[in-house]
Amino acid sequence: MLESLTGLGLATSAGLNAYIPLLAIGLLARYTDLITLPSNWSWMENGWTLTIVAVLLAIEFVADKVPMIDHANDVIQTFVRPTAGGLAFGAASSSQTVTVSDPGSFFTSHQWVPIVVGGAISLGVHGMKAASRPVINATTVGFGAPVASTIEDFISVTLSVVAIVLPVVVLLFLLLMFLGFGWLMRRRKRHKEEKAAAKWAAAQGWRPS
């Protein structure tokens, strides 16, 4: 159960930023005892792997904070984030952590299952992120993009660490994320209704006094 929550948290994190959970897994496995990767996932803590992921993270960090470029980045990340989520879920669900000393045999004997599940979870979270960003950009004239991106990065980092150290808290993070997304979608609906009303008023020749 706990290994599933760990994988769930890391896959969710990958939906926000593909490289943060991969870097978190690799660094914590290489330099701490918080997570111990099985031999078939040990490549994630390799120095070259960590360097490549860090470079990609730096590029993503900048691109996601610039209006218009962030949208193009989200299009590209439609393929990257689910892949990262699948890798994160697959590695974490079969690893020993501070809360999981004996990972379930199901995930270790059916390694394709967590990869597929993690990819699906990350794709769903990525879809919510991509849908909410135009709302933020439109309502803040682009100024909200770097703020929203920084918040997303912070959530991704925190969720990655929490998923490994205290996976039961992952459920709370998910609840808060869904509530936040729901609020943004309601705001998007109101914004569209206001624009439609303004266009209708303009068409009728109405002008404020």
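A: Helices (H or I, at least four residues) and strands (E, at least two) are DSSP runs numbered from the N terminus, and the expected span of a helix is 1.5 Å times one less than its number of residues. The model is predicted, so local features need pLDDT of at least 70 and side-chain atom pairs count only at pLDDT 80 or more, while totals for chains, interfaces and linings use all residues. Residues are numbered from 1 along each chain as its sequence is written, and side-chain values use heavy atoms, with hydrogens and water left out.

The protein chain has 8 helices and 2 strands, in the order α-α-β-α-α-β-α-α-α-α from the N terminus. Of its 209 residues, 44% are buried, where buried means under 20% relative accessible area, exposed over 50% and partly exposed in between (1.4 Å probe, protein chains only). Helix H1 (residues 2-16) reaches 22 Å between its first and last C-alpha, close to the 21 Å expected for 15 residues. Of those 15 residues, 13 are buried.

Now the pocket. The search uses a 1 Å grid over the protein atoms alone: a cavity is a set of points where a 1.4 Å probe fits but cannot get out, and a pocket is an open set with protein on both sides within 12 Å along at least five of seven lines. Lining residues have an atom within 4 Å of a point. Grid points are joined across faces, edges and corners, and a volume is the space filled by probe spheres set on the points. The second largest pocket holds about 160 Å³. Its lining consists of Tyr19, Leu22, Leu23, Trp43, Met44, Thr49, Leu50, Val53, Leu56, Val80, Ala84 and Leu87. Helix H2 (19-31), helix H3 (47-63) and helix H4 (69-93) each give two or more residues to this lining, and H3 provides the largest share, 4 residues. By type, the lining has 11 nonpolar residues, 1 polar and no charged. Here Ala, Val, Leu, Ile, Met, Phe, Trp, Tyr, Cys and Pro count as nonpolar, Asp, Glu, Lys and Arg as charged, and the others, Gly among them, as polar.

Trp43 of the lining also belongs to a ring pair. Rings of Phe, Tyr and Trp (its six-membered ring) pair if their centres lie within 6.5 Å; planes under 30 degrees apart count as stacked, over 60 as edge-to-face and the rest as tilted. The rule finds 1 aromatic pair. It is tilted, because the ring centres of Trp41 and Trp43 are 6.1 Å apart and the planes meet at 35°. Trp41 is buried at 6% relative accessibility, whereas Trp43, at 40%, is partly exposed.

The helices of the lining have contacts elsewhere in the sequence. Ala24, in helix H2, is buried at 14% relative accessible area. Its C-alpha is 7.8 Å from that of Val157, 133 residues away along the chain.

The loop between H3 and H4 contains Met68. Most residues other than glycine have a negative phi. Met68 is not a glycine, yet its phi is positive at about 80°, and the residue is exposed at 69%.
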